[in-house]
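Hi everyone, thanks for making time this morning. I'd like to walk you through one model, so please have a look at it before I start talking.

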Amino acid sequence: MSAEKMETTGSLLNGAGAVHEEKEDILRPDDLSEMLAAGTKVVHEKAENTQFVKDFLKGRIRKELFKLGHVALYYTYTAMEEEIERNKDHPYFAPLYFPAELHRHEALALDLEYFYGPDWQSQVSCSQATQRYVDRIHQVGQEDPVLLVAHAYTRYMGDLSGGQVLKKVAQRAMKLPPTGEGLEFYQFNAIHSAKAFKQLYRSRMNELELDMETKQKLVDEAVMAFQFNMEVFDELEEISKTIQEDVLDAGLPVHGAMGGDIS
Ligand code: HEM
């Protein structure tokens, strides 16, 4: 998004009560929200163009791969939300602490239970690329908590931006129930307007008292967060080839019950 003039009027309810903010913000290029949007523009386009993401958007998702994607998300959000909890009172993170609205750990656990059954925890493990992402999140949370803002921004703002589209694609491609089982991750029940919430989140980021050097460090960290995500996508893409071979080896049709192409 550009540094256009924007009015921010957010009025949101969360589980604990009303979060009400009314203000008029004129965004400036040195506002953190604008620096993050501008500084991640190129890497965002790169992420959109990874094979995994392109296939996903076309509805070319095999269920086994989607499940592994969810496993990666589970470990990522578990680490991120663990570090967010640790730093929830830190002045650099407290204004961005929205557990009821944003946190995805529980939703992902429900989805994994749906896909893998009650003993899902014994069936999943953290992949190498995911582990590198997780390690960085823990390092940041423990050594330089202000940088957590970049990780929260990269994931939550992204989820709020594309979640509903991805949910519909996944639901149709894998013929998941319309009642939403397996897709809790995409469902932000405590957020009534993603647009309004994103505006609130941006204004909260802009109110953090950060000097220019720290804001720049946050942009660099957000670029890094995008890169970690792309490494996970690339790893999934590699795994996808072996799944395909397994399916072929087993003599099953490639476009069988595992997925489908809605395009
Ligand atoms: C914002 C599309 C992948 C992170 C957006 C917006 C769109 C979009 C249209 C703007 C929403 C708005 O201004 O309200 C897409 C598409 C993707 C994709 C089509 C894949 C094909 C990703 C990925 C990530 C990501 C993989 C990170 C893991 C973000 C973030 C924002 C965003 C952080 C907020 C930008 C800001 O306003 O500061 N995306 N996205 N996106 N997306 Fe994506």
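Let me begin with something to look for: which residues in α4 meet which residues in α9? On the α4 side they are Phe 66, Met 80, Glu 83 and Ile 84. Their partners in α9 are Leu 148, His 151, Ala 152, Arg 155 and Ala 170. By type, the residues of this contact divide into six nonpolar, one polar and two charged.

Before I go on, please keep in mind that this is a predicted model.

Now the geometry of that pair. Two packed helices are described by the angle between their axes and the distance between the axes. Here α4, which covers residues 63-86, packs with α9 at an angle of about 145°, and the axes are 12 Å apart. The crossing of α4 past α9 is left-handed.

Let's step back to the whole chain for a moment. Of its 263 residues, 33% count as buried. If you take the contacts with a separation of 6 or more, 81% of them come from residues 24 or more positions apart.

After the helix comes Lys 175, with a positive phi near 50°.

So where does the ligand come in? It is surrounded by 17 residues, and the closest are Ala 37, Glu 48, Met 157, Gly 158 and Ser 161. Elements giving two or more residues to this shell are α1 (32-39), α2 (41-48), α3 (51-57), α9 (148-173) and α11 (212-249). The largest share, six residues, comes from α9. Sorted by type, the shell holds nine nonpolar, six polar and two charged residues.

One last stop, in helix α11, which is where Asn 229 sits. Why does Asn 229 count as buried? Because it has 23 C-beta neighbours inside 10 Å, and the cut-off is 20 or more.

Note on methods. Residues are numbered from 1 along each chain as its sequence is written. This is a predicted model: local features need pLDDT of at least 70, side-chain atom pairs count only at pLDDT 80 or more; totals for chains, interfaces and linings use all residues. A residue is near a molecule or strand if its C-beta atom, placed from the backbone, lies within 6 Å of it. Helices (H or I, at least four residues) and strands (E, at least two) are DSSP runs, numbered from the N terminus. Ala, Val, Leu, Ile, Met, Phe, Trp, Tyr, Cys and Pro count as nonpolar, Asp, Glu, Lys and Arg as charged, and the others, Gly among them, as polar. A residue is buried if 20 or more other C-beta atoms lie within 10 Å of its own, exposed if 12 or fewer, and partly exposed in between; C-beta atoms are placed from the backbone. Two residues are in contact if their C-beta atoms, placed from the backbone, lie within 7 Å. Axes are lines fitted to C-alpha atoms, for helices over the stretch in contact, and angles run from 0 to 180 degrees between N-to-C directions. A crossing is left-handed if the near helix is turned anticlockwise from the far one by less than a right angle, and right-handed if clockwise.
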